[in-house]
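The sequence and structure come first.

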Amino acid sequence: MTKITSKVYINVGRFGVSMAPFLFIALVILRLFLSTLHNSKTKKMAHPADVQLLNKALSGIGVDEKSLISILTKTHHEHKRFIRKGCSQFFIEDERQFERWDDSAIKNLKVEFKRFKDAVMLSLMHPWERDARLLKKALKKGPQLYGVIVEIACTRSSDELLGARKAYHSLFERSIEEDLATHVKGTERKLLVALVSAYRYEGPKVKEDTAKSEAKELLQAINNRDKRKPIEDEEVIRILTTRSKPHLREVYQQYKKISGKTITEGLEAEILLKETIECLCTPHTYFTKVFETALREDANEDDKKALTRLVSTQEAGNLKGISDKFAHKIEERVKGAYKDVLLGVLAKGQMSGQA
Amino acid sequence: MATIDVPNQVSFVEDAEALRKACQGWGTDEKTIISVLGHRNAAQIKQIRLAYEKLYQEDLIKRLESELSGDFERAVYRWILDPADRDAVLANVAIRKTSLDHHVIIEISCTRSPEELLAVRRAYQARYKHSLEEDVAAHTKGDIRKLLVALVCAFRYDGEEINARVANSEANILHDAIKDRTFNHEEVIRILSTRSKMQLLATFNRYRDDQGTSITKNLLGDSDAAFLVALRTAVRCLNDPKKYFEKVLRNSIKRIGADEDALTRVIVTRAEKDLKEIKDLYHKRNSVPLDQAVAKETSGAYKALLLTLLGKED
């Protein structure tokens, strides 16, 4: 440096200032400026990809934990600020000049993160406790979840349903029929209480004559539905809530024979009755429908919760063909550890044909 | 408390042999049958049946059915069945009567414990290949059907907890229904068929405190109104089963010649439970011991068996 100083000497009057320090400082400033430019360029290039990654990781059913880890571990302060600015579905500009989480996004995330935990807990639970808790929740939530009560009452074996009733005693110190009868006010009360109280015969013995005559009674009730709702028809309730499942499947066949339609076709307006019959006579159709609804774009939270419920409560064998049908959709819509659980349980069913 | 008198030491093989001997040759040694079977409890009888089957390769019940007849045979048959199986048979007999015998169904559903009722439903399925509720529903209509099916399907909470608020509100509901005789059946059926027995007792007590009379008195009415009668039976069974059984016995003894069925049924089903208290109640109420009344109205081996089950010393 001293060499340069001695060579470059500018006469600026009385002070005789050397040019070199200025040059040096200018060089340093230039270098800093250039490096900042370079840094912000690389930062700007990383942001769009990470924004997209975050969006994808947090939209769907469950969360993509691996992507989230990769984003979080390599971002720093500035980076995160740009992500916040880029992800408008999660963050909003506050009037006090900072980006904040959208409250509804927080709610959604809570739900999505909880999905894996619920799957774990539900799967490990004793089936009786599981069903008792599901029944209680459905009852508490109200009419939009009465379908869950129907599902449990109709797709469990007689002894499994009994076990659920026992567990309900232990957990809630009351009988399920007590609570149902107290809290369900409308026409559904009779159906739901009776379904949950049933202890159906499980042998294969079926009387074709009785099935025929009961199919006729159902047809009559359905044809009269303008005058009286089938769910209020005594005979409909009797047949659906006391007869054995093999018997009801025979009734289903006989009904098709005499009317050319299926029972469910005639009950389009009566959702609860329709689901009752589906669960009792054609459970496979019911499960397929639940899966389909859960994986739709516009599925609501109750629809999506059904996935966890079905996968942890049904023998995987019962869901066999279904997982094939929806494998693609699952890959697309479901994320992370939750997806692994879903696919794992369904695959187990494929391999062994039983849970 | 039980009335039957069971010895300390029992040999099932010896019992089986004694019963075999009693059935061999001309006629049947009914005395031995009574002295063996009348002094064994349900668990022991089960073992005797097994021992008999092992020794002689035949069903003791079938053998006795072929050897015995009349009221005696019916009583023995019911006595040696396993209790849940017995109730299933009683229920089926009641259902198949031309006019379904409501009070037997109500009696079984309301005086057995929740687990016992469950066992009855299983036994019924095993025997008749239908569920109990299926058959009850198919043989009844209207309000009776609603009540009976609900009672039969109940799996009541068996804990001691009661809710005083619920007792109060449901006592009021029952009072309104009875007072107006409009019988809002849904609510009455709901309360009677879903609440735990302890809760119902609390409700009935509350009713009595509020109204000054017991609920059963206020359910008196036309005996034509089948539903009202059934309701009353249910309430009586739930409220005070021993009192209910005493009345059944009293009525059946008065009408002997017409209701050995009820006499047999009560003695056989309560002998291991609370027949002692029922006996005491009977004595208090009728000034004559139950044994005496039964002895007066029955005869032969049938009488001997009943008296043995009532605890009479040989």
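## Salt bridges between the chains

In this predicted model, seven salt bridges are found across the interface of chain B and chain A. B:Arg122 is paired with A:Asp159 in a salt bridge whose closest N and O atoms are 3.9 Å apart. Polar contacts between chain B and chain A come to 17 residue pairs, both residues being at pLDDT 80 or more.

Four helices of chain B each supply at least two residues of the side that touches chain A: α8 (114-128), α9 (132-138), α10 (142-153) and α12 (185-194). The most comes from α8(B), which gives five residues. Sorted by class, that side of chain B has 16 charged, seven nonpolar and six polar residues.

## Extent of the chain interface

The size of an interface is often given as the accessible area lost when the parts come together. For chain B and chain A the buried area is about 2,600 Å², with 51% of it on carbon and sulfur atoms. On the side of chain B, the residues that lose the most area to chain A are B:Glu134, B:Phe155 and B:Tyr157, together 23% of what that side buries. In terms of contacts, 28 residues of chain A meet 29 residues of chain B.

## A:Glu178 and its partners in chain B

A:Glu178 belongs to helix α9 of chain A, which covers residues 176-183. Its side chain makes a polar contact of 2.7 Å with the side chain of B:Arg195. Neighbours within four places in sequence aside, A:Glu178 is in contact with B:Tyr157, B:Thr194, B:Arg195 and B:Ser196.

Is A:Glu178 buried or exposed? A:Glu178 counts as buried because its relative accessibility is 4%, and the cut-off for buried is under 20%.

A:Glu235 and B:Arg145 form a salt bridge, with 2.5 Å between the closest N and O atoms. This pair crosses between chains: A:Glu235 is in helix α12 (residues 234-242) of chain A, and B:Arg145 is in helix α10 of chain B. B:Arg145 has a relative accessible area of 6% and is therefore buried.

Both residues also belong to a network of salt bridges that links A:Glu214, A:Glu217, A:Glu234, A:Glu235, A:Arg238, A:Arg243, B:Glu134 and B:Arg145. Over all chains, the structure holds 60 salt bridges.

## Salt bridges within chain B

Helix α10 of chain B also holds B:Asp143 and B:Lys146, which are three residues apart, about one turn of the helix. These two form a salt bridge with the closest N and O atoms 3.3 Å apart. B:Asp143 is partly exposed, at a relative accessible area of 25%, and B:Lys146 counts as partly exposed at 24% relative accessibility.

B:Lys279 and B:Asp291 meet through their side chains in a salt bridge of 3.8 Å, N to O. This pair links distant parts of the chain, 12 residues apart: B:Lys279 is in helix α18 (residues 275-286) of chain B and B:Asp291 is in helix α19 (residues 290-297) of chain B.

## Domain 2 and domain 4 of chain B

The domain assignment divides chain B into domain 1 (12-68), domain 2 (83-152), domain 3 (164-239) and domain 4 (242-309). Between domain 2 and domain 4 of chain B, the C-alpha centres are 23 Å apart. Their contact takes 10 residues from domain 2 and eight residues from domain 4. The two domains bury about 780 Å² between them, 47% of it on carbon and sulfur atoms.

Two salt bridges are found across the interface of domain 2 and domain 4 of chain B. B:Arg265 and B:Glu107 form a salt bridge, the closest N and O atoms being 2.8 Å apart. On the side of domain 2 that touches domain 4, α6 (83-96) and α7 (102-111) of chain B each supply at least two residues. The largest share, four residues, comes from α7(B). By class, this side of domain 2 has six charged, two nonpolar and two polar residues.

Technical notes: Residues numbered from 1 in each chain as written. Chains lettered and ligands numbered in written order. Predicted model: local features only at pLDDT ≥ 70, side-chain atom pairs only at ≥ 80, totals over all residues. Heavy atoms only, no water. Contact = heavy atoms within 4.5 Å. Buried area = accessible area lost by both parts, 1.4 Å probe. Salt bridge = Lys/Arg side-chain N within 4 Å of Asp/Glu carboxyl O. Polar contact = N/O pair within 3.5 Å; in protein donor to acceptor, adjacent residues only side chain to side chain. Nonpolar A, V, L, I, M, F, W, Y, C, P; charged D, E, K, R; others polar. Domains from an automatic or database assignment. Buried < 20%, exposed > 50% of the residue type's maximum accessible area, 1.4 Å probe, protein only.
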